[in-house]
Amino acid sequence: MTTTTKPAAPATTAPARRPGPVALSLRQSRLEITQFLRSRESVVFTMGFPVIMILIFAAIFDDEIAPGVSYTQYFITGMIATGLMTVSFQNLGIWIPIERDRGVLKRYRGTPMPKWVWFAGKVIMVVAIGIAETVLLLAVSVALFDLELPGTAAKWLTFGWVSVLGVTACTLCGIAISSLARTARSGSAVVTPVALVLQFISGVFFVFTELPTWMQQVAALFPLKWMCQGLRSVFLPDAFGAREPGGSFELDRVALVLVAWCVIGLVLCLTTFRWTTKRDG
């Protein structure tokens, strides 16, 4: 008597689970950070430029600008703000046109990946590099120039929200200004002069109140001046607030202006961002 065996049923495989929003964002940010670290020029300029500037200016100017406040201490607060602006506004304003011109953004747009994931990757990359750069600047400043770290939780909290709002505003503005560059080569020409001018008029290289009045008024329209002022309230004595244009550090106004620029930057991003290069003709 012969027996017949039924063929085995084919094995069924469970459908692959799609990664969630957090996983997608982290994967994209890891890619963005890897690309940043592979660009030696970007790493050296972003991470090294503020440190080099601190070393140069500290060697040239060693006098006090107020009792117990050296020029170096004042300058360091401005360079922390500049570092945050560089990694966000300047880097994005230069690199996004390059990716757009190479067709990278067009290919991203054609994939099933949600568009917001690309933006999330950029934001997380900016935050990660910004934290690393700030830690480096603080370490150098404390070790070489006797910068005193905030001694109270309130000052650390101020440091946190000024940095977060400042980076957010600069990131959104960097994405927005990238649309002004018609080609990859013009990105640096569009963004770098703006960043340099803002540094000179916002109290980074010079004591803000010693600048011409009209220059102070122009700087007050942009976020870098308020980032510097907010950080001065963290790292300089409370008495130094009397030397600010408003007679105090005006932290409420710092928050108001930075929030306003976050809103302005978001609106500009939504209305001007382009995924492809605008060709002549």
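Buried means under 20% relative accessible area, exposed means over 50%, and partly exposed lies in between. Keep those cut-offs at hand for the tour. The model is predicted.

**Stop 1: the annotated spans**

Select residues 41–276. UniProt, in an unreviewed entry, places the feature "domain: ABC transmembrane type-2" there. The span is 72% helix and 2% strand. Its end C-alpha atoms lie 25 Å apart.

Now colour the "transmembrane region" annotation from the unreviewed UniProt entry.

Then take residues 156–177. Here too the chain is 100% helix and 0% strand. The end C-alpha atoms of residues 156–177 are 31 Å apart.

**Stop 2: the largest pocket**

Stay with helices H5 and H6. Each supplies at least two residues of the lining of the largest pocket. Which helix gives the most to that lining? H5 does, with eight residues.

The largest pocket has a volume of about 350 Å³. Sixteen residues line it; to find the centre, select Val127, Ile131, Ser163, Val164 and Val167, the closest to it. Colour the lining by class. Eleven residues are nonpolar, five are polar and none is charged.

**Stop 3: the largest cavity**

The space in the largest cavity is about 30 Å³.

Select its lining: Tyr74, Val207, Phe208, Thr209, Arg232, Phe240, Arg243 and Glu244. What classes of residue does the lining hold? There are four nonpolar, one polar and three charged residues around the largest cavity.

**Stop 4: salt bridges**

The model has five salt bridges. Visit three of them.

Start with Glu32 and Lys122. Their side chains meet in a salt bridge, 3.0 Å from N to O. Glu32 lies in helix H1 (residues 21–38) and Lys122 in helix H5 (residues 115–145), so the pair ties together parts that are 90 residues apart in sequence.

Move to Lys155 and Asp238. This salt bridge spans 3.3 Å, N to O. The pair links distant parts of the chain, 83 residues apart. Lys155 is in helix H6 (residues 153–177), while Asp238 is in the loop between helix H9 (223–235) and helix H10 (251–272). Asp238 has 57% relative accessibility, so Asp238 counts as exposed.

Then pick Glu250 and Arg253. Their side chains meet in a salt bridge at 3.6 Å, N to O. Glu250 is buried because its relative accessible area is 17%. Arg253, at 45% relative accessibility, counts as partly exposed.

Salt bridges that share partners join Glu32, Glu99 and Lys122 into one network.

**Stop 5: the cysteines**

A disulfide is a covalent bond between the sulfur atoms of two cysteines. How many does a search of the whole structure find? It finds zero disulfides.

Select Cys228, which is in no disulfide. The nearest cysteine sulfur is that of Cys170, 9.9 Å away. Cys228 is buried, with a relative accessible area of 0%.

**Stop 6: Leu258**

Finish in helix H10, where Leu258 has its place. Leu258 is buried, with a relative accessible area of 0%. Draw a line from Leu258 to Ile124, C-alpha to C-alpha. The two are 19 Å apart in space and 134 residues apart in sequence.

Definitions and conventions. Residues are numbered from 1 along each chain as its sequence is written. This is a predicted model: local features need pLDDT of at least 70, side-chain atom pairs count only at pLDDT 80 or more; totals for chains, interfaces and linings use all residues. Side-chain values use heavy atoms; hydrogens and water are left out. On a 1 Å grid over the protein atoms alone, a cavity is a set of points where a 1.4 Å probe fits but cannot get out, and a pocket is an open set with protein on both sides within 12 Å along at least five of seven lines; lining residues have an atom within 4 Å of a point. Grid points are joined across faces, edges and corners, and a volume is the space filled by probe spheres set on the points. Ala, Val, Leu, Ile, Met, Phe, Trp, Tyr, Cys and Pro count as nonpolar, Asp, Glu, Lys and Arg as charged, and the others, Gly among them, as polar. A salt bridge is a side-chain nitrogen of Lys or Arg within 4 Å of a carboxyl oxygen of Asp or Glu. Helices (H or I, at least four residues) and strands (E, at least two) are DSSP runs, numbered from the N terminus. Buried means under 20% relative accessible area, exposed over 50%, partly exposed in between (1.4 Å probe, protein chains only). UniProt positions are given in the numbering used here, feature names are shortened, and annotations may be inferred rather than shown by experiment. A disulfide is a pair of cysteine sulfur atoms within 2.5 Å.
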